[in-house]
Amino acid sequence: MKLSKRISSIPTGLTAIVVVYALSMTGCFAPEPEFRFNEAYLRLQESKSAELGENREQVKQNIKDILVGLYGTPNEPHLPPIEGMAEVVDFENLKIAAGKTQSIDEDGTRQGLYREHCAHCHGITGDGRGPTAEFLNPYPRDYREGVIKFKSTIGKMPPTDDDLQRILHEGIPGTAMPSFRLLRSFEREALVDYVRYLSIRGQTERWLIEYALELEEGQVAWDVGGSDEDQMLMKSDIEEGVGQIVAAHLTALENQIVVPEPPADWESAESIAHGRELFAGTVANCIKCHGLTALGDGVVNDYDDWTKPYYDPTTAGSVEKFDAKFAPDHTLLDPRPIRPRNLRMNVFRGGRR
């Protein structure tokens with residue numbers, strides 16, 4: 001039913017007031033949760049190429065519609081029919097983790113695990129913008145770039161399932177990320193699949209934004225008035241773009257870093273002396289951030305690599321580093337420098353040993 005018809009069907013006068021009040025009390029008017037559009041990334045890409053101009057809002061809506069068609073909504077997620085997708089994300093696990101929190105069978109199996117355990121920090125969209133995010137340091141991870149810090153794969157390759165399982169089981173010492181080892185193993189598996197779903201969806205959104213900006217001037221992305229040939233071409237492009245994103249997640253295991261066994265003399269005086277040379281020298285240059293005495297008092301005004309594109313590097317270390325073009329829409333949290341680890345506290349990403 002169209003919005004105008006819905007509005008015209010509402011009773012008038014006092015009856016309308018009573019009905020609206022009653023419905024609001026019972027939650028019937030509670031808005032359905034939505035995935036937040038990545039406005040900051042659109043603005044970033046516009047600053048690199050050209051602004052969308054008068055077509056901006058239409059292109060944004062087109063991107064939102066395509067994402068709903070591919071991935072559904074927070075309450076009703078689904079997966080695009082892309083080769084390899086079913087191997088990357090288990091749909092049954094996705095259903096357990098998605099939606100509102102509720103019991104779904106007699107043994108107490110719950111649905112909505114992500115919203116129950118994760119969304120308050122990482123946000124419904126997985127953008128790291130949950131209601132508690134601004135109080136945390138470091139900020140919660142934004143999954144939409146598909147980049148996870150503590151993992152075993154090369155560079156910015158997606159993590160393996162074991163990497164994500166390890167984070168859920170152990171937490172991340174020195175951050176607000178707790179351990180979820182009290183959850184049952186299948187529940188942690190469901191959360192891993194949902195995090196990967198949010199990552200792939202977020203990467204797809206970024207790809208669609210880039211694609212829209214590459215179109216010829218005056219051409220509106222996915223304009224329903226376009227020719228059938230243009231529509232089929234764009235559909236093919238989208239399927240190819242999503243396929244490449246899924247393929248990267250599918251091949252994560254093939255891009256793991258092989259960690260060699262430590263040498264037999266790794267705790268000898270000679271080995272420790274060599275480590276000191278690396279720590280203080282130009283090869284590893286650990287003292288740059290961690291400081292000469294490992295207190296974490298070196299460079300304290302640096303930022304994570306995946307946040308730097310949104311900030312102005314000419315004013316490092318100050319609140320003014322936040323680029324003004326991102327401020328009005330509040331899609332980014334205020335910049336917060338990363339904190340070098342105090343190595344004397346015996347808190348390491350891989351454990352003390």
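Author: In this predicted model, Lys156 and Glu145 form a salt bridge whose closest N and O atoms are 3.6 Å apart. Both residues of the pair sit in the loop between helix H8 (119–122) and helix H9 (161–170), and eleven residues separate them, so that distant parts of the chain are linked. Lys156 counts as exposed because its relative accessibility is 52%, the cut-off for that class being over 50%.

A further salt bridge joins the side chains of Glu170 and Arg181, at 3.0 Å from N to O. Glu170 belongs to helix H9, while Arg181 is found in the loop between H9 and helix H10 (185–214); the pair therefore ties together parts that are eleven residues apart in sequence. Glu170 is partly exposed, at 44% relative accessibility, and Arg181 is partly exposed as well, with a relative accessible area of 43%.

Shared partners connect several salt bridges into one network made of Glu39, Arg43, Glu46, Arg56, Glu57 and Lys60. Lys60 counts as buried, at 11% relative accessibility, whereas Glu57 is exposed, with a relative accessible area of 51%.

In general, side chains of opposite charge can pair when their charged atoms come close. Across the whole structure, a search finds 15 salt bridges.

Methods
Residues numbered from 1 in each chain as written. Predicted model: local features only at pLDDT ≥ 70, side-chain atom pairs only at ≥ 80, totals over all residues. Heavy atoms only, no water. Salt bridge = Lys/Arg side-chain N within 4 Å of Asp/Glu carboxyl O. Buried < 20%, exposed > 50% of the residue type's maximum accessible area, 1.4 Å probe, protein only. Helix = DSSP H or I, 4+ residues; strand = E, 2+ residues; numbered from the N terminus.
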